[in-house]
Structure formats: structure tokens, C-alpha cells
Amino acid sequence: MALQSSPFPNGCVSGAHAVGWAFILPCFWCLDRLISVCKSTTLEQTQRMEQECYLHPLKVFFGFIIFFILFLVTTPFAFLGFLIWAPIQACRRPFRYHREKTFPIEKKEMYTERAGGTSFGFATANLCLLPDSLARFNNLGHTQYRAATIGERILQGVCRPHVRILIDSPSSCGTLSPSNSILPTSNSNYGTTDRQTQHHVGYRSDSTEGHASFQNSNSHVVCLPCDGTEEPLAESPSPIFNSNQNSNQQGETAKHTSPQNLLSQGVCQQENIPWEISPMFPANVDILCLEEVFDKRAAQKLKQVLKPVFGHILYDVGVYACQPPCLCSSFKFFNSGLFLASRFPVLEAQYQCFPNSRGEDALAAKGLLSVKVLIKQNPNHKKMVGYFNCTHLHAPEGEGEIRCEQLDMVTDWIGNFQAVNQQPNEDVAFDVLCGDFNFDNCSPDDTLEQNHILFQQYKDPCRAGPGEEKPWVIGTLLEQPTLYEDAINTPENLQRTLESEELRKQFICPPVPAQDSPLAYPNTGQPWIGRRIDYILYRENSISEHYRTEIEEMTFITQLAGLTDHIPVGLRLNVIMDSKSVDE
């Protein structure tokens, strides 16, 4: 689909839509405030108790009356606006596209043609940016403030240098943290902490190498012997946004620190996947997928904050009103909630809406967003491209059949999108699928989804098999009533809690038992993981044959503690070109 900044075909239609929405907005806002004034989060309840505030009932009483009267007054105007707004949705494109015209930090040269390859970073997060009144039912309020804060925190993480630490004799050193001399101090007013941010990465000693290696695509490489001294091995140029190019320029130093040497505590030797629980987003994320960005103003704020780093943004993704047009059985009040931010230029994009949603989920246009991005264009060689797909599946528990149907659609739509947009002069470097799948790999109630054929096509780094997680995996769905407790209300506190199996049992949602069956979890000898419903998957058989993929790092991110009820996840893939292809 053609990428246009406006979702409407011309200025007249766009103007009519603006007029219709201007009539609707006052009524919508009054209804939102009417519900919000009656629904408090547990944080607000705690604050009132600490302040011994006894005027809240009066605030609720008079607020309800005032907003109810305003709602009644604005309803006739909203009805008039609806008559203008609804028919226009039939000719609306399913997303808005923002491209930063003056983008000073866009990656111009991503890939150095050498056997060392390059790495690509991806992250996904469910933000619950619903209208404030609805977000409060998930124990989250102040949607506009949260949107701005989330954007600042994401930038704080992705804009820092990516540090690689080589540790000698790990058995005597323990877990080490990058020093202040390597990690920059953020200037952001959001997400700052009173103490130094620490990164905890598990390790295992290697008898053949004599050390454990920690590799990321980096701006600095530091060797930390056990005596605590720092020995710089290599240092790349100062720009921190072109991390992929920098990492490839250090090809020789990276050879002995391949992902296979990065073993975390508890990882099976057959699956040498580096992982960490990080209080910050991974440095130099290339593509970011966000779910539940339903509120339009929140989406605009996220776009404004993220656009200096992510120059290509798709937002307000989805359809509205009667879908298909003139069929009133399925009216969409909300878009899909998908939000995609990319450092790479977007060549093609396609959105598909799930037709089988039920209940409250049918009010939102959940579906699949597929994009094709340009990584590198060389006039003398093939273009390097990548495919990235994000989705948000049906939410209610006990309705696995609907989610399986949606997974069937996802596999078909991705295949069709790639078949239509594949060009002979292109090399495909990655094919990634991520999002909130609303099922996990440990609940007996999710057995149907766990055995879906999708997991035969795409690889899940956290999955050992159907119904079985790898022992180092962390659940990503938090218990909503506990979001503001001291143990998880800051990135550092949430990090420490997730590192303790006993502590995280109190804050991660447990598996869902099968209907009329007691839950026996975990199995004997297995760790307690909880519900992991946020996924990043990758596929190898759809990329170019002379490329191969290694997992460089899997990250569970705690930086959005107190701002959402999900734990974001990140994945960094290292794409290596065969030496024969490089020589050619």
C-alpha cells in the first residue's frame, strides 16, 4: 500500500473528517472524565490514605454531576459529528505514516560486506494507552502523561552506547556492571534514578576459552579482569546511533565473542542464548513495535518524542466504524492499537483486520501490520531488505479457537505480503513477527495455541517446546493490583524482583488452568515462570540463502515499571553472510 502521511485521499475528505471529529470530541472527553472521576487506581487510593484526604467523596459526587451535565449538553453535537465522521471511514487508509524529512541520524550505511555480519535490534511492548477511563480498569491512569514518559524512557535506553564487556575468570568475579565512565548520564527528566543503573547478565565459564564473553553491537569494548582494572580493546567512532556499522568495523575483535560463548545462568547447553533482565531498553533498537496505543493523542505524543531517533513511524493503525463498510454487525470504536517505529525507511506496508473478534475485543480493529524496510541500497549490488510483522491477538481467556484462527490468518497474510512484494534484486536479511499474543506457553488453557503450526515456521528463542519454556524465561504479564508496590514500581526494583523466583511469583500472573481442572504448576524440578504473552519470533527459511542468523541477545526490560502492566521484551539478531557470497 502506498505510504502517505494522511490516511485520507485528499484534503477535502481530511477536512470533513476533522470537522466531524471536532463535534464528537467534547462529548467523548466528558464521558471519559465522567468515568475517570469515579474510578481510582490503587496508587491514587494509597496517596489519599497517606495524605488523610477525606474530600474525595465530594470530588466524585460533584465531578460526576458536572461531567454528566456536560455529556448531555454535548451529545447532540456528537451525534451530528458522527453522521459526518462515520461514512468517511470507508475511504480511510488503515494507518498514518510519518517520515522525518530532516533526519540527521538515519542509518545510511548499515552493513559492511564481510563475514562478521551485522546485528539488528527489535523490541515490543504493550503500553495500555487506552482512554484514561478505560485504562483505569487495568489499574493505569493518566494516559497522556504515561505516553510522554514512556517515550522519554524508551529514548533514554535506545540512545545510550551499547557496551560489550569481556570478563576473565567469571567464577571469581561474579556479576559486573558497566562503570560510569562508559555509560552516559541521561539528560531526560523522565525515568531517572537515584543510583547507577546496573545490568545483570548470567554467565557460564567455558573450559576451552577460560572466560565468559558478553557481546552486543557496541560503541565500546572493555575488558574487565578480576582485579577490577579496565583495559580498552577497541573503540569505535563516537556517533551512537549507527551501532550496526560500528559493530561491523570491529569484526576481528568480535570473532572470539560469538553469541555461542554467551551463556546465561540456567540456559541449556544446546541452546546457547544470551539473555538479561535489563532496567533499560536495549541500545540501538532498530524497529520498535508497541501495542494498545489506542488513544490518538497518546499516539501523537509518542510520535513526537520518538521521531528524532526513529525516522519512520506508522501509527493510528486500523479501521473505524462499520467494517466491512455498510455492515453494522461489526462496528469499530478503536483502531488496532499497533504503533511501529523504525530507523529504516519503510518501502511497503499492509494492515489486515481480524474478522472473527468477539465481545469487547470486537470494538477494536485488532489485526496484523506487515512492513518491508530498506536496510541498504547499493547501485552495484542487490538491495538489502527486511520484513517485520506485528500483531495483537484476541484477549479473553478460554477462547483459544479464535486465537488459532487469527494465527492461521497471520501466517497466510504474511506469506501473501512477502510474495507480492518480493523483488529479484533484493536480499532478505530478517523476517520477524512480534506482539501481544494473549496466550502463553505454560497454561493448560492455552494448549491449542501452543501447538499451532506458526511455531514450526517461526522460532521462539524462549520456547523449549509446546507447553514448555526454557528455564531462564521470565513471564511478561504483571498482576494489575500490584503495579505500584515498592517491589516493582521502579525499573531497578522490578529487575531485582524478577531475578528472584520466589519474589516474582507474587507479581507475575500465574498460568491459566484448563476448564474444571486444578492447576499443577510448575512441574517437579522446573522453575516458576508465569505467563509470557509478549513474543518476538524470527524465521530463517524466508531470508536469503547466503545469510544465516544467530541470536545475539534476548532481553526482558523493566524500564517501564509503573507505566504498564506488561514487561517489554527485546531481541537482537546477528545476520552473517557466507564468506563465499562476500567474495563474490
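Buried means a relative accessible area under 20%, exposed means over 50%, and partly exposed lies in between, as found with a 1.4 Å probe and protein chains only. The model shown here is predicted, so local features need a pLDDT of at least 70 and side-chain atom pairs count only at pLDDT 80 or more, while totals for chains, interfaces and linings use all residues. Residues are numbered from 1 along each chain as its sequence is written, and side-chain values use heavy atoms, with hydrogens and water left out.

View 1. The secondary structure comes to 15 helices and 22 strands, where helices (H or I, at least four residues) and strands (E, at least two) are DSSP runs numbered from the N terminus. Of the 584 residues of the protein, 58% count as buried. Contact is taken as heavy atoms within 4.5 Å; among contacts between residues at least 6 apart in sequence, 77% join residues at least 24 apart. The accessible surface comes to about 24,600 Å², of which carbon and sulfur atoms hold 54%; such areas come from the Shrake-Rupley method with a 1.4 Å probe, and for residues only the protein chains shown count as cover.

**View 2. The surroundings of Arg 403.** Arg 403 is found in helix H10, which spans residues 400-421, and its relative accessible area of 0% places this residue in the buried class. Residues up to four places away in sequence aside, Arg 403 touches Leu 393, His 394, Ala 395, Pro 396, Glu 397, Gly 398, Phe 437, Asn 438, Phe 439, Asp 446 and Glu 449. A polar atom of the Arg 403 side chain lies 2.8 Å from the backbone oxygen of Pro 396. From C-alpha to C-alpha, Arg 403 and Asn 356 are 9.2 Å apart in space, although 47 residues apart in sequence.

View 3. The structure holds 19 salt bridges, each being a side-chain nitrogen of Lys or Arg within 4 Å of a carboxyl oxygen of Asp or Glu. One of them joins Arg 531 to Glu 397, with the closest N and O atoms 3.6 Å apart. Because Arg 531 lies in the loop between helix H14 (501-504) and strand S20 (534-538), and Glu 397 in the loop between strand S16 (383-392) and H10, this pair ties together parts that are 134 residues apart in sequence. Arg 531 counts as buried at 6% relative accessibility, whereas Glu 397 is exposed at 52%. In another salt bridge, the side chains of Arg 403 and Asp 446 meet at 4.0 Å, N to O. Arg 403 lies in helix H10 and Asp 446 in the loop between strand S17 (426-436) and helix H11 (447-450), so this pair ties together parts that are 43 residues apart in sequence. Asp 446 is buried, at 1% relative accessibility.

**View 4. The salt bridge between Glu 550 and Arg 548.** The closest N and O atoms of Glu 550 and Arg 548 are 3.3 Å apart in this salt bridge. Glu 550 is buried, with a relative accessible area of 11%, and Arg 548 is partly exposed, with 43%. Elsewhere, salt bridges that share partners join Glu 397, Arg 403, Asp 440, Asp 446, Glu 449 and Arg 531 into one network.

**View 5. The nonpolar cores.** A nonpolar core is a set of buried Ala, Val, Leu, Ile, Met, Phe, Trp, Tyr and Cys residues joined through side-chain atoms within 4.5 Å. The largest has 71 residues, and those with the most contacts inside it are Phe 120, Leu 314, Leu 369, Val 371, Phe 388 and Phe 430. A second, separate core of 29 residues includes Ile 150, Ala 299, Phe 339 and Ile 557. Neighbours within four places in sequence aside, Phe 388 is in contact with Phe 122, Ile 287, Cys 289, Leu 340, Leu 369, Ser 370, Val 371, Val 432 and Cys 434.

View 6. Leu 55, Leu 58, Phe 61, Phe 62, Phe 64, Ile 65, Ile 66, Phe 68, Ile 69, Leu 70, Leu 72 and Val 73 make a nonpolar surface patch of about 1,100 Å². Patches are made of residues with over 30% relative accessible area and no salt bridge, like charges being joined within 9 Å and nonpolar side chains (Val, Leu, Ile, Met, Phe, Trp, Tyr) within 5 Å. Phe 61 lies in helix H3, residues 56-88, and is partly exposed at 48% relative accessibility. Phe 64 also lies in helix H3 and is partly exposed, with a relative accessible area of 37%. Beyond its neighbours within four places in sequence, Phe 64 is in contact with Leu 34, Val 37, Cys 38 and Lys 59.

Technical notes: A polar contact is a pair of N or O atoms within 3.5 Å; within protein, one must be able to donate a hydrogen and the other to accept it, and residues adjacent in sequence count only if both atoms are side-chain atoms.
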